[in-house]
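Here are my notes after a look through this one. Have the model open while you read.

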Amino acid sequence: MRKLKGQTPNNYRVDGLFGYIELTDKNGLRIGEVKVDKFNLSRIIQAGRWYLHRRKDCTTNHVFGSLWSGGVRREILLHRFLLGDYPNLCIDHINGNGLDNTLSNLCFVTNQQNSEKRFGSDRDSQSGIRGIRWEESRKKWLVRYKKDGKTFNIGRFSQLEDAIQKNNLVRREVFPYNYGDVPIINIMSILNETNVNGPGNRICIWTQGCTKGCKGCFNPESWSNKINTQWTPQALAQYVLSQECDGITISGGDPLEQPEALLKFLRVLHGDGGGESLRADFLPKGIICFTGFLIEELDDGAAAECLEYIDLLIDGRYVEQLRYTSGLAGSSNQRFHFSSLPGRGESRLQRSEILIDQAVEVHIDDIDPSIIRVTGFPSIDRTFLKRHGLRIESDE
Ligand code: SF4
């Protein structure tokens, strides 16, 4: 696991699909824990040290981190770290619990929606939970919500646990989980510090979803369009910008089957979307993107616009009979398109740099050592991996 600059990472534990990060006070005494999705645990722990944040004007506890990014320390709320900073949008914890930062408990809301959802969370509610207040006259917990200026009383409960259960059910229905207009990138996996997916030290991002169905595809787990890991373009760009890397490789699945979200990500990364600007010295080895489309099929819309930000596009379906044994492409029909778009400038990559030997890396997951990722351009196939005891999850 990456060392944190002068900081001790938080302790954590894993239970099923979730991770729990321990929060301590300044004396190191445990004061609680925050729940996150297991797939996000590694990047949260590696980003910096996380603390409990109690605001005087709000009953909801929040978690903030003290993180190093590009040599500068900055503070960020955990839910913003996970979903990204979108001006004019708030992030709401659907069940009112700021210590539940699983993605299914977070959604974007406008300021007005946020104030409606905050209804019932005043300090004298005695429950400390949004939507539930104690009625002294009836000696019961009242569950209620406010929408479009109207107040709706849902019911009264003797037990707080019953009120919480009802409150959670109702709020999920009335304030459905959604990301509004913010597009989501469905990601299969992200790997830092890989040296076999292009020149230099790279971040490799595999998107989830591909409809091409190439025979012999090395990554059929990536075909399904079912949501795997949801990232907003902002959060993904913030994450990439916080890493020290020479370049990015975007593969899949087919990244260009999610063109709007990918375009948003590339724009934010380059400072065109109101986010941080790409530093001049950042990504000297550029952006490589694989797609099963032919470049001729990408002649308009968001997919075509994505090309303005990509230094090298490797296009075409994988053809098993034309399998390569050297170089970055999987089969010899796939073509290399170096950026030469007007106004885009020179590609940050040279043809000579991508004539690399085919190689494989084996990465063991920091959080769950039973997860092993094999990446690169192997002169081996899935049968070879199985013979050597490497389990491919979807084969089971
Ligand atoms: S385009 Fe790529 S990910 Fe999609 S099926 Fe073909 S080889 Fe597999």
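Leaving aside neighbours within four places in sequence, which residues is leucine 266 in contact with? Keep in mind that this is a predicted model.

1. Leucine 266 first. Beyond its sequence neighbours within four places, leucine 266 is in contact with Ile250, Ile287, Cys306, Tyr309 and Ile310.

2. Now the core around it. The largest nonpolar core has 36 residues, and Leu266 is listed with Ile205, Ile248, Phe265 and Leu269 as having the most contacts inside it. Strands S12 (185-194), S13 (202-207), S15 (247-251) and S16 (287-290) each give two or more residues to this core, and so do helices H5 (233-241), H6 (259-269) and H7 (301-306). H6 gives the most, with seven residues. There's also a second, separate core of 24 residues, with Trp50, Leu67, Leu103 and Phe108 among them. As background, nonpolar side chains tend to be buried together in soluble globular proteins.

3. Not counting residues up to four places away in sequence, isoleucine 354 touches Pro199, Leu312, Gly327, Leu328, Phe336 and Phe338. Glycine 327 is 27 residues from isoleucine 354 in sequence, but their C-alphas are 6.8 Å apart.

4. Helix H1 (residues 38-47) is mostly covered, with eight of its ten residues buried. The buried ones include Leu41, Arg43, Ile44 and Gln46.

5. Last, the ligand. Around it are Cys210, Lys212, Gly213, Cys214, Cys217, Trp223, Gly253, Gly292 and Tyr318. By class, that shell has five nonpolar, three polar and one charged residues.

Methods:
Residues are numbered from 1 along each chain as its sequence is written. This is a predicted model: local features need pLDDT of at least 70, side-chain atom pairs count only at pLDDT 80 or more; totals for chains, interfaces and linings use all residues. Side-chain values use heavy atoms; hydrogens and water are left out. Contact means heavy atoms within 4.5 Å. Buried means under 20% relative accessible area, exposed over 50%, partly exposed in between (1.4 Å probe, protein chains only). Helices (H or I, at least four residues) and strands (E, at least two) are DSSP runs, numbered from the N terminus. A residue is near a molecule or strand if one of its heavy atoms lies within 4 Å of it. Ala, Val, Leu, Ile, Met, Phe, Trp, Tyr, Cys and Pro count as nonpolar, Asp, Glu, Lys and Arg as charged, and the others, Gly among them, as polar. A nonpolar core is a set of buried Ala, Val, Leu, Ile, Met, Phe, Trp, Tyr and Cys residues joined through side-chain atoms within 4.5 Å.
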